[in-house]
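The sequence and the structure are shown first.

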Amino acid sequence: MATLERAPSHESADKPGSLKEKFEDDVEKNQAHLVEVDIAEATGAAFDDPNLDREHIGNLEDDSPYPEVRAAVSNTDDPDMPSNTLRAWVIGIIWAIIVPGLNQFFFFRYPSVSITGIVAQLLSFPMGRAWAAWMPRVRIGGIELNPGPFTIKEHVLVVVMASVGAGSAYATDIVAVQRVFYNQQWNFGYQWLIVMSTQLIGFSIGGVARRFLVDPPSMIWPASLVNTALFNTLHHTQYAGIGDRGGMSRERFFTYAFLASFVWYFFPGYIFQALGYFSWVCWIAPNNVPVNQMFGYFHGMGMSLITFDWSQIAYIGSPLATPWWAEMNVAGGFLFFFWFLTPILHYTNTWYAEYMPISSRTSYDNTAKKYDVQRILNPDATLNMTAYKEYSPLFLSTTFALSYGLSFASITSTLVHAFLYFRKQIWIQARRSLHEQPDIHARLMSRYPQVPEWWYISIFLTMFAFGLASILAWPSQFPWYAFIVSLIIAFIYVIPIGMIQAITNQQVGLNVITELIIGYWMPGRPVAMMMFKTWGYITMAQALTFTSDFKLGHYMKVPPRAMFWAQVVCTIIAGTVQLGVQAWMFTNIEGMCTDDQKNGFICPSTQVFGTASIIWGVIGPGLQFSHGQIYYGLVFFFLAGALAPVVTYYLTKLFPNNPVLRYLNWPVLFNGTGLIPPASAVNYVPWTIVGFVFQYVIRRRHFAWWAKYNYVLSAALDAGVAISVIIIFFCLQFPKNGTIGLDTIQSWWGNSVMLNTADYLGTRMRTLAEGETFGPATW
């Protein structure tokens, strides 16, 4: 009987070992899959995280998977180290009075100076050391006066207290504009209520936002890493993430870099200011308008590429802290919208652009002069439509108009991007507690008592009541339901914007969209517009300030409850001090906020804020962006912003290994240039170049050097410039109203060459004869 035999396949016949090889391939694939699973669990990221560098993962169990975090943050903790001490609170409150008070005083002056948190970080360090050395080791009321050496946790708490309210509270500009523009001088009770509410109500979101923006290891908050590196350098902290590279210690490196930065800034900051605005092409052809518009730094596109001023380079944030892929998104947006699209729009006279500088922060009338908003106002600060028709529509420079379009696009792209890429992450984190986080830092922090939810609820209810009292007890023309809507806008956006900022170091602003909404909703109410914008925008911004400080505390292992009270108490102190300083200035300084104030207190920010209240609150967006108006085309940026992430998302599904699609982030691309104006090309082009060199080239070719020194170098450059600015201002510019060296060093070629150009003067392509106008015949 014949037997049936299966013929061997060609594969098995030709490759007798194929089953073994296939088995080994499957094992390798499974191992690779398990590694990917381990990495995903270690990062806590339920999305394709562009910050994850698979070449430098490190120890997933005992340290962060992100080399940026390992390089700047210690993976150990001493829970017995003093932090919430009397010493920290006394020093912190001193700085919480000095820094906000001085900043508010100089906020109204031009030229001005700003005392940043890094100044307090440096100067509070010897104060703490002196306290430890000289104060007696006794107890007062059970509280230890001198608990021993000044600890790194105390230092962190001091700096948080100093910096949380360091900048001028946004709502103080409402008070100033009401006084200067609308002759409304409401009492201190109103001022205090509105400042406290706008500054603190965002903190209440911190309890909700913490689990999404602080606890997950993928939320790295790049800007915080510069601070942590400086803290660890000052306190000689050693940890594994620094690496085993030999050479100079980080402490010595910081000292040398700080001194070099401090000394060097005297040149671009005072002695040779052309180094800061190094538009060398414009010096060659100072009167050639197209050349100056393309290569200039004041009103141009900045194709001269170079500056030697770190304060200009780091104006939009340190390029040594922002991830390179985020910097490339910002650079891509700048290249396309400002180096490609802007010249096309400008030189085709779109929006009558050639009658204005190509880039300017000023608004113009149809005679190419600064728009005189007083000509279109009734005595009660409402719009006089007849006067508006007789005067002029409002015109913007090309970059200014385009910046509004990009802001519109960033608003819609942020929500769509968050839904497409972060919805799974948000859902997972909503159900995950701190001790369940796969991060060494979260595990170390889980031993400390967390902030109770009722603390956040109490802050919200109290500040909500303060807000209602401020708008209802005074004739603000701001209804209570609009107040609630402004808070809803902030609440909706805080997590999407916070996640983008925590990953990319770029924050999407809500100021333009809030102005647009209230301008259409309630035209003719400038004070209501300012209030809606402040609660809608600053609530979100303050919530992210709160969470970024919490992330700093998370990295430095400071107990959360101490962080909470440090921020709340010192925000109250800072806001009260700023209001007191502002009230004193308006009472005692003659000619305050006038253009010819003899000491320079011309209030530039108040003037801009007040003009915006008229443009958006009195004229309203309906006369600028509605159908048939000059800037109607910009509203289509809303649609572009919504569609762009959808297209990229599905293209990534088709081409999962495409690096461009992986790193493309539309909210960052649209919003990265959001500071133009007042920022200009000098703040973006060199920033991109420096960022590419350090965050891409050096990081890849000299990783050990980068891990040890990169963030320390960023802190040293920032600190050197900050101290140098203060010395120059108080010793050389503030005395004698800036007349020191007026006819010598201030007027030599190196301080004047950049001022004698068409770029500085903002020369237009087209000029008007006397009495001639441009623009539409009717409006």
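## Buried salt bridges

R699 and E68 are both buried, where buried means under 20% relative accessible area, exposed over 50% and partly exposed in between (1.4 Å probe, protein chains only). These two residues form a salt bridge whose closest N and O atoms are 2.9 Å apart; the term denotes a side-chain nitrogen of Lys or Arg within 4 Å of a carboxyl oxygen of Asp or Glu. The pair links distant parts of the chain, with R699 in helix α30 and E68 in helix α3 (residues 67–72), 631 residues apart. Helices (H or I, at least four residues) and strands (E, at least two) are DSSP runs, numbered from the N terminus.

The whole structure holds 5 salt bridges. Among them is the contact between the side chains of E154 and R87, at 2.7 Å from N to O. It joins distant parts of the chain, as E154 belongs to helix α6 (residues 152–163) and R87 to helix α4 (residues 86–107), 67 residues apart. Both E154 and R87 are buried. Another of the salt bridges connects E515 with K533 (2.8 Å, N to O). Because E515 lies in helix α22 (residues 511–521) and K533 in helix α23 (residues 526–556), this pair ties together parts that are 18 residues apart in sequence. E515 counts as buried at 5% relative accessibility, and K533 is buried with a relative accessible area of 5%.

## Basis of the model

The model is predicted: local features need pLDDT of at least 70, side-chain atom pairs count only at pLDDT 80 or more, and totals for chains, interfaces and linings use all residues. Residues are numbered from 1 along each chain as its sequence is written, and side-chain values use heavy atoms, with hydrogens and water left out.

## Cysteines

The count comes to 1 disulfide, defined as a pair of cysteine sulfur atoms within 2.5 Å. It joins C593 to C603, with an S to S distance of 1.9 Å. Both cysteines lie in the loop between α24 (560–588) and α25 (604–619), so the pair ties together parts that are 10 residues apart in sequence. The torsion about the S-S bond of C593 and C603 is about -85 degrees, and the disulfide is therefore left-handed. C593 and C603 are both buried.

C282 is buried at 0% relative accessibility, whereas C731 is partly exposed at 46%.

## Nonpolar surface patch

V263, W264, F267, W280, I284, L305, I306, F308, I689, F692 and V693 make a nonpolar surface patch of about 970 Å². Patches consist of residues with over 30% relative accessible area and no salt bridge, like charges being joined within 9 Å and nonpolar side chains (Val, Leu, Ile, Met, Phe, Trp, Tyr) within 5 Å. Two or more residues each come from α11 (250–264), α13 (280–284) and α30 (685–701), and α30 gives the largest share, 3 residues. F308 is located in the loop between α14 (289–295) and α15 (310–313) and is partly exposed at 36% relative accessibility.

## Overall form

The secondary structure comprises 32 helices and 4 strands. Along its principal axes, the C-alpha trace spans about 115 × 80 × 55 Å. Of the 779 residues, 57% are buried.

Technical notes. Areas by Shrake-Rupley, 256 points an atom, 1.4 Å probe, with all protein chains shown as cover.
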